[in-house]
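Trainee: I would like to learn how to read a structure like this one. Could we go through it feature by feature?

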Amino acid sequence: MDDARTPWQALPRPRYLRSAWPWRAAGYLAASALTGIPVLLAILLLAGFGAALGPVLIGLPLLAALGLVGLPTGAVERRRLRLVDTEPAPAPHRTPTEPGLAAWARLRYREQATWRELGYAVLHGFLLWWVDLTVLAAFLGLPLLLLATPLQLALAADHEVKVVKLWLVTAYPAAFACAAAGALLLPALLYPLSAYAGARAALTRALLAPRDRELRGRLDEVTRSRARLVDAFEAERRRIERDLHDGAQQRLVALTMTLGLARLDAPPGPLADQLAAAHEEAGRVLTELRELIHGIHPQVLTDYGLTGALADIAERSALPVDTDAIDPGLPRLPESVEAAAYFGVCEALANIGKHSGAARASVAARHTGAALLIDVRDDGRGGADPAAGSGLTGLADRIAVLDGTLTITSPPGGPTVLSLEIPCPVSP
């Protein structure tokens with residue numbers, strides 16, 4: 001199996017000449033003219049347009065060149081690069097934060113990548129594609145012409161042919177000697193041909209692929225975007241909580257009170273029994289709604305912070321939970337972090353009660369100044385497996401949204417330790 005990424009990696013291998021790499025390199029160089037000629041014509045057209053406008057408006061063709069030549073050339077060349085470089089070259093451009101053509105243009109004209117693409121387009125149009133075709137003609141065209149000498153001689157009307165405009169051949173022995181020379185030259189020249197194609201591809205990647213600083217900028221942009229999505233999700237959860245608390249819950253309370261009063265006023269009999277059943281069902285619905293509201297965003301988390309919320313979880317747990325290792329001085333953290341930590345501990349304690357067979361559990365929490373660290377430990381049988389559908393996979397996904405990590409240590413026989421680490425720097 002050929003796992004080479006570029007011609008340079010494939011060149012030292014014994015089966016190189018029998019692989020597709022030499023012909024991929026030749027195709028890459030031949031295709032250079034397909035992009036170079038249109039780019040050259042577009043640049044000359046814009047240059048003529050700029051000369052007609054005069055020096056005062058010379059900037060207009062330059063701006064047009066950025067959008068009509070540089071950006072499309074970069075996009076096409078990154079795609080063409082796949083012929084000799086199997087690793088995709090992503091676009092180096094950032095996504096505008098605002099809609100519209102004006103916001104897109106402002107961002108593009110401020111990016112270094114845009115000017116690199118324009119510089120590459122000028123270089124490609126005036127020089128690179130010429131050099132590519134020259135190298136292709138020298139390293140591939142010459143041996144192919146030599147190989148075709150007997151055929152050229154057979155088709156020549158005067159029974160003579162001038163090979164590559166240098167040697168006059170009038171007899172078949174000389175023609176077959178040229179063909180033999182071509183057969184020897186072809187495999188030998190495929191090596192420098194592919195080496196040049198690899199160098200050409202490296203130049204293209206260096207100019208058109210994103211650089212480390214641009215990649216870091218895009219990563220920061222993705223991180224900020226994900227943080228905004230998390231904040232928007234938490235805000236929507238809080239809105240749903242308020243709507244349920246102030247709307248549906250209050251109406252259910254009023255309905256429960258009305259049914260209770262009607263139950264007291266009704267004489268004994270079937271009607272009183274039905275009112276009693278309706279009153280009890282309304283009470284159960286109200287209890288479930290309160291639990292649902294509590295699960296959306298617990299009020300104790302809002303009122304007392306993470307320290308109080310973790311203590312509340314421990315009190316409501318089905319098995320004894322030690323909370324002595326929870327730092328009482330935990331600072332107030334972003335709502336998304338506190339909510340993720342709260343529901344993470346809830347899920348961990350629920351799993352312990354259902355699956356571990358533990359007699360006791362403990363929760364430890366502290367903030368290092370840069371991250372929130374939480375450990376949930378139990379003395380159960382161990383062997384916790386996130387892939388077994390215990391809810392740990394969903395918990396890990398929830399923590400990962402905040403760039404956090406979830407680590408589980410659960411050898412057979414226990415103990416099991418579930419560790420959460422969520423980055424959340426707190427300024428002093």
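Mentor: Start with strand pairing: two strands pair if DSSP finds at least two bridges between them. This is a predicted model, and in it strand E5 (residues 371-378) and strand E7 (residues 416-423) are joined by 8 bridges and run antiparallel.

Trainee: Which residue in E7 does isoleucine 374 stand opposite?

Mentor: Isoleucine 374 stands opposite leucine 420 in E7. Leucine 406 also stands opposite leucine 420. Strand E6 (residues 405-409) pairs with E7 over 5 bridges, in the antiparallel sense.

Trainee: What lies between the strands in the hairpin of E6 and E7?

Mentor: There are 6 residues between those strands, and glycine 413 takes a positive phi near 95 degrees in this hairpin. As a general point, in a regular strand the side chains alternate between the two faces of the sheet.

Trainee: How many salt bridges does the structure hold?

Mentor: The structure holds 9 salt bridges. To call one, look for a side-chain nitrogen of Lys or Arg within 4 Å of a carboxyl oxygen of Asp or Glu. Arginine 78 and glutamate 117 form one, with their closest N and O atoms 2.8 Å apart. Arginine 78 belongs to helix H3 (residues 59-80) and glutamate 117 to helix H5 (residues 112-147), so this pair ties together parts that are 39 residues apart in sequence.

Trainee: Is arginine 78 buried or exposed?

Mentor: The cut-off for buried is under 20% relative accessible area. Arginine 78 has 8% relative accessibility, so it counts as buried. Glutamate 117 is buried too, because its relative accessibility is 0%.

Trainee: Which residue forms a salt bridge with aspartate 85?

Mentor: Arginine 205 does, the closest N and O atoms being 2.9 Å apart. This pair links distant parts of the chain: arginine 205 is in helix H7 (residues 172-208), aspartate 85 is in the loop between H3 and helix H4 (101-110), and the two are 120 residues apart. Arginine 205 counts as buried at 18% relative accessibility, and aspartate 85 is buried at 3%. Both residues belong to a network of salt bridges that links Arg5, Asp85, Glu87 and Arg205.

Trainee: Where does H7 bend?

Mentor: H7 bends by about 30 degrees at leucine 186, and proline 187 follows within four residues. For the length of a helix, compare the expected span with the distance between its end C-alpha atoms. At 1.5 Å a residue, the 37 residues of H7 should span 54 Å, and the end C-alpha atoms are 50 Å apart, which agrees.

Trainee: What does glutamate 338 touch?

Mentor: Glutamate 338 sits in helix H11 (residues 335-356). Not counting residues up to four places away in sequence, glutamate 338 touches Leu301, Gly305, Leu306, Pro331, Arg332 and Leu333. With arginine 332, the side chain of glutamate 338 meets in a salt bridge of 3.1 Å, N to O. Glutamate 338 is buried, with a relative accessible area of 2%, whereas arginine 332 counts as partly exposed at 48%.

Trainee: Where in the protein is confidence lowest, and where is it highest?

Mentor: Where pLDDT is low, the predicted coordinates should not be read in detail. Here confidence is lowest in helix H8 (residues 212-265), at a mean of 65, and highest in strand E4 (residues 361-367), at 89. The protein has a mean pLDDT of 78, and 78% of its residues reach 70 or more.

Note on methods
Residues numbered from 1 in each chain as written. Predicted model: local features only at pLDDT ≥ 70, side-chain atom pairs only at ≥ 80, totals over all residues. Heavy atoms only, no water. Buried < 20%, exposed > 50% of the residue type's maximum accessible area, 1.4 Å probe, protein only. Expected span 1.5 Å × (residues − 1). Bend = angle between axes of the 7 residues up to and from the residue. pLDDT = per-residue confidence, 0-100. Contact = heavy atoms within 4.5 Å.
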